[in-house]
Amino acid sequence: MKKQIIAGALALSTVIAIPAAMAKVAAPVAKAATKEKVSISGAWVRPSMMGKDMTAGYMKIKVTGTSDTLTKVAVPMSIGMAELHETVMVDGSMGMREVKQIVVAKGATLVLKPGGYHIMLMGLKSPITVGQKVPITLTFKKMGAVKVTATAVE
Ligand SMILES: [Cu+2]
């Protein structure tokens, strides 16, 4: 069916109505394809330490096809809240701060890891224990929301 429409458009390229119909056919396909341009692997969170209501999550985010910008991270309210953080050295001691966004170049892999960028999980409603699955939603400027499940491992 799709092939017929395209063939028709090529044959009647002077008719304005047909290219418009083609655009309608092409749009959902293009949208589905862009979702696949970010692939996330190795997502894990550190179990929270006794008496601490915070921990961190890590993963590898590979962006292909286009550059994109990670603008937001979130976890369900039943778990707590999340922020994008980076680890920084301040006067020789390790600290961290929130970052509003991270630009990932086309073809690059953004690695969230201990001592670097990480997803800070704060205000935990209950401790995160080994084996627990934590759903994390990452929002990208171009690709929109991408959901990933991170497992708590030591
Ligand atoms: Cu942090």
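Figure 1. The model is predicted, and V45 sits in strand β1. Once neighbours within four places in sequence are set aside, V45 is in contact with T55, A56, G57, L121, I128, V134, A150 and A152.

**Figure 2. S41 in strand β1.** S41 is found in strand β1. Is S41 buried or exposed? S41 counts as exposed, because it has 10 C-beta neighbours inside 10 Å and the limit for that class is 12 or fewer. Not counting residues up to four places away in sequence, S41 touches M59 and K60. S41 and V148 are 107 residues apart along the chain, and their C-alpha atoms are separated by 8.8 Å.

**Figure 3. The largest nonpolar core.** This core has 21 residues. Those with the most contacts inside the core are V45, A82, I119, L121, V134, I136 and A150. At least two core residues come from each of β1 (38–45), β2 (55–63), β3 (68–74), β8 and β9 (133–140). In soluble globular proteins, nonpolar side chains tend to be buried together. Over the protein chain, buried residues make up 18% of the 154 residues.

**Figure 4. Contacts of V134.** V134 is listed among the core residues with the most contacts inside the core. Which residues does V134 touch, not counting residues up to four places away in sequence? They are V45, G57, V75, I79, I128, A150 and A152. V45 has V134 among its own contacts as well.

**Figure 5. Pairing of β1 with β2 and with β10.** β1 and β2 pair in the antiparallel sense, over six bridges. In this pairing, I40 stands opposite I61 in β2. β1 is also joined to strand β10 (residues 144–152), by two bridges, and these strands run parallel.

Figure 6. T137 stands opposite K147 in β10. V134 and I136 are among the residues with the most contacts inside the largest nonpolar core, and β9 supplies at least two residues of this core.

**Figure 7. β2 between several partners.** Besides its six antiparallel bridges with β1, β2 is joined to β8 by three bridges, and β2 and β8 run antiparallel. Here T55 stands opposite L121 in β8. Four bridges join β2 to strand β7 (residues 109–112), again with the strands antiparallel. K60 stands opposite V111 in β7. K60 is also touched by S41, and T55 is in contact with V45.

**Figure 8. The loop residue D91.** D91 is located in the loop between β4 (81–90) and β5 (93–98). D91 is not a glycine, yet its phi is positive, at about 50 degrees. With 5 C-beta neighbours inside 10 Å, D91 counts as exposed.

**Figure 9. Confidence along the chain.** The mean pLDDT of the protein chain is 83, and 77% of its residues reach 70 or more. Which elements have the lowest and the highest mean pLDDT? Helix α1 (residues 2–11) has the lowest, 42, and strand β8 (residues 118–122) the highest, 98. Over residues 1–35 the pLDDT is below 50, and this stretch has 13 contacts in the model beyond near neighbours in sequence. Where pLDDT is low, the predicted coordinates should not be read in detail.

**Figure 10. Order of elements and range of contacts.** The protein chain contains two helices and 10 strands. Along the sequence, their pattern is α-α-β-β-β-β-β-β-β-β-β-β. Of the contacts with a separation of 6 or more, 62% involve residues 24 or more positions apart.

How values were computed. Residues numbered from 1 in each chain as written. Predicted model: local features only at pLDDT ≥ 70, side-chain atom pairs only at ≥ 80, totals over all residues. pLDDT = per-residue confidence, 0-100. Contact = placed C-beta atoms within 7 Å. Buried ≥ 20, exposed ≤ 12 C-beta atoms within 10 Å, placed from the backbone. Core = buried A, V, L, I, M, F, W, Y, C linked by C-beta atoms within 7 Å. Pairing = 2+ DSSP bridges.
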